[in-house]
Amino acid sequence: MLCQICNKRPANVHMTKIVNGEKTELHICEQCAREKENNPMNDAPFSFSNIISSLMDFSGSGAMPYTPKENIKCPQCGLDYAEFKKTGRFGCSNCYESFGNRLEPLLKRIHGNTQHTGKVPKRTGGIIKIKRDIEKLRYELKRAIDNEEYEKAAELRDKIKNLESQDMK
Amino acid sequence: MGNWIESKGPDSNIVLSSRIRLARNISGYHFPHVMNDEESKKIIKKLSTFMLKENRMPAGNFQLIEMADISHIERMSLVEKHVISPRLAENYKNSAVIVNDDSTVSIMINEEDHIRLQTINPGLQLWEAYKLADNIDDTIEERLDYAFDQRAGYLTVCPTNIGTGIRASVMIHLPALSMTKNLNEILNAITQVGLTIRGIYGEGSNTQGNLYQISNQITLGLSEEEIISNLAAVTGQIINMERIERAKLLQSGRARMEDSIWRALGILQNARVLSNNESLGLMSNVRLGIELGIIKDIDITTLNKLMINTQPATLIKLEGKDLDTESRDVKRAKYVRENLK
Ligand SMILES: [Zn+2]
Ligand SMILES: [Zn+2]
């Protein structure tokens with residue numbers, strides 16, 4: 001992780017503060033930390049939301065300049081993207097879907113990655129797996145129909161039906 | 001397994017404890033910071049009903065403690081014992097913890113996320129702590145739908161926890177590396193592999209008592225096993241470096257080192273007024289003395305207990321009445337004297 005102030009050197013000084021129940025974290029390099037320490041005003045500009053905002057405005061490699069035109073709103077909790085940028089916190093689990101691709105540069109900056117490869121919940125994760133399988137079969141079905149392989153298509157249709165009935169449970 | 005304060009584990013003469021924390025949310029509910037009181041209560045009820053009444057939990061007897069039902073001092077004392085986070089204590093109106101008898105497992109409800117599941121083991125036992133956390137996580141998931149996305153993994157309030165939602169950490173005593181200033185090099189190396197190190201009982205980069213916490217920073221794109229392996233490997237290396245530094249210090253100036261260890265014990269055994277800062281510093285010296293086998297008749301667990309019980313809120317709780325700073329320092333000295341005679 002790079003320093004959140006200079007964006008150049010690795011961040012090896014980590015600060016956590018809790019102010020009015022709001023946790024703020026700052027990850028910066030030693031040089032920047034020293035400058036901050038010597039600055040009598042050091043408390044004012046530091047807030048986690050500022051950092052999140054600065055991360056999101058950062059356009060990464062420059063390959064995809066980021067220009068937020070319309071403000072997306074999460075239909076479930078009502079949080080809008082501008083507000084998320086201010087607080088750095090989601091309002092509900094649906095926010096992730098609502099903001100979608102816009103989050104990727106941020107996740108990439110924080111984790112160096114955007115795809116989860118760890119544990120999948122056993123029960124609900126099973127449904128995700130089934131859904132993934134159905135998607136795959138539908139794709140194959142479309143190809144089978146395009147190629148006029150009707151026997152194969154019928155087989156695939158049965159498989160999909162079977163999985164879909166599991167999905168309903 | 002035992003509580004980290006009262007029992008020893010592997011590499012206990014450098015590592016105090018290993019902790020796993022999993023962040024989870026229940027799908028279909030707003031996150032805690034935007035919930036109303038009614039919803040918060042519902043989440044507490046939902047979790048506690050099935051966990052406690054159906055006796056579904058591994059790892060012993062559990063009880064529910066609603067933060068609103070206990071005093072401010074009791075809450076702060078739970079923070080000092082690392083049973084709950086400061087955040088849970090601050091959001092006391094709508095939060096709770098489900099904790100087992102020896103506090104090795106605590107499930108914080110309505111912390112930043114709906115669920116913060118925590119397991120702590122003495123010494124270096126990250127895998128054991130994870131196995132238990134994983135097991136309890138599965139038990140909870142049998143009954144509740146977690147907010148999960150195939151791309152982003154476990155969905156959390158803060159994007160810094162998304163993915164595995166895991167925070168694995170070790171609490172480690174590094175007096176020799178702190179003394180010889182090799183810590184900066186380690187800091188740099190650690191951040192390269194997605195880990196972070198910070199002081200305990202200190203603001204920001206300052207630390208007291210030479211105690212540090214090393215933990216993973218990245219939660220997305222790595223599996224739980226990879227995260228724990230990284231942390232375990234790096235911790236192993238740091239343990240080695242600390243051992244080497246300790247040996248060097250002993251070789252180059254045994255008398256000086258023994259002197260500072262015995263003096264520290266002398267002050268702790270005789271002082272009449274002790275600030276928290278001073279006592280943590282002295283305890284680090286005494287801890288080092290025990291770890292090196294220089295002090296033989298004091299157990300490391302005695303020191304763990306001293307360290308926790310002389311924290312401000314726990315001290316007040318032991319005394320049973322409020323204490324100002326001055327009388328706290330007197331009380332701290334008395335407590336330390338009586339337990340280190
Ligand atoms: Zn910097
Ligand atoms: Zn939302």
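**Entry 1: the A/B interface**

I began with the polar contacts across the two chains. Between chain A and chain B I find 19 residue pairs in polar contact, both partners at pLDDT 80 or more. I note here that the model is predicted. Next I asked which elements of chain A give two or more residues to the side that touches chain B. They are β1 (13-19), β2 (22-28), α1 (30-38), α2, α5 (104-111) and α6 (122-146). β1(A) gives the most to that side, with six residues.

I then counted salt bridges between chain A and chain B and got five. I looked up the one between A:K119 and B:D137. Its closest N and O atoms are 2.7 Å apart.

How many residues are in contact on each side? I get 48 residues of chain A against 57 residues of chain B. The size of an interface is often given as the accessible area lost when the parts come together. Three residues stand out on the chain A side: A:H111, A:H116 and A:K119. They supply 16% of the area that chain A buries against chain B, more than any other three residues. A:K119 is also the salt-bridge partner of B:D137.

**Entry 2: the zinc site in chain A**

I turned to the zinc ion (ligand 2). Which protein atoms are its donors? They are the SG atoms of A:C74, A:C77, A:C92 and A:C95, lying 2.3 to 2.4 Å from the ion. The angles among the four donor atoms run from 95 to 123°, and the site is tetrahedral. The cut-off asks for all angles between 85 and 135 degrees, so this range passes.

I read the donor spacing along the sequence as C-x2-C-x14-C-x2-C. A:C74 lies in the loop between α2 (48-57) and α3 (81-87), whereas A:C95 is in helix α4 (residues 95-99). The pair therefore ties together parts of chain A that are 21 residues apart in sequence. I also checked burial: both A:C74 and A:C95 are buried.

**Entry 3: chain A as a whole**

I counted the elements of chain A: seven helices and two strands. Along the sequence they follow the pattern β-β-α-α-α-α-α-α-α. Chain A has 169 residues, and 38% of them are buried. Among its contacts with a separation of 6 or more, 36% join residues 24 or more positions apart.

I looked up B:R243 and found it in helix α7 (residues 224-270) of chain B. Buried or partly exposed? B:R243 is partly exposed, at 35% relative accessibility. Leaving aside neighbours within four places in sequence, B:R243 is in contact with B:D11, B:N13 and B:I14. Its side chain makes a polar contact with the side chain of B:D11 at 3.2 Å. The side chain of B:R243 also makes one with the side chain of B:N13, at 3.4 Å. I checked B:V273 too, 30 residues away along the chain from B:R243. The two C-alpha atoms are separated by 33 Å.

B:V273 came up again at B:D329. B:D329 sits in helix α11 (residues 325-339) of chain B. B:D329 has a relative accessible area of 13%, so I log it as buried. Not counting residues up to four places away in sequence, B:D329 touches B:R272, B:V273, B:L274, B:S275 and B:N276.

Methods: Residues are numbered from 1 along each chain as its sequence is written. Chains are lettered from A and ligands numbered from 1 in the order in which they are written. This is a predicted model: local features need pLDDT of at least 70, side-chain atom pairs count only at pLDDT 80 or more; totals for chains, interfaces and linings use all residues. Side-chain values use heavy atoms; hydrogens and water are left out. Donors are N, O and S atoms within 2.8 Å of the metal (3.2 Å for Na, K and Ca); water is not among the atoms, so sites may look incomplete. Four donors count as tetrahedral if all angles lie between 85 and 135 degrees; four count as square planar and six as octahedral if opposite donors are over 155 degrees apart and all others between 65 and 115; anything else is irregular. Helices (H or I, at least four residues) and strands (E, at least two) are DSSP runs, numbered from the N terminus. Buried means under 20% relative accessible area, exposed over 50%, partly exposed in between (1.4 Å probe, protein chains only). Contact means heavy atoms within 4.5 Å. Buried area is the accessible area (1.4 Å probe) that two parts lose on being put together, summed over both. A salt bridge is a side-chain nitrogen of Lys or Arg within 4 Å of a carboxyl oxygen of Asp or Glu. A polar contact is a pair of N or O atoms within 3.5 Å; within protein, one must be able to donate a hydrogen and the other to accept it, and residues adjacent in sequence count only if both atoms are side-chain atoms.
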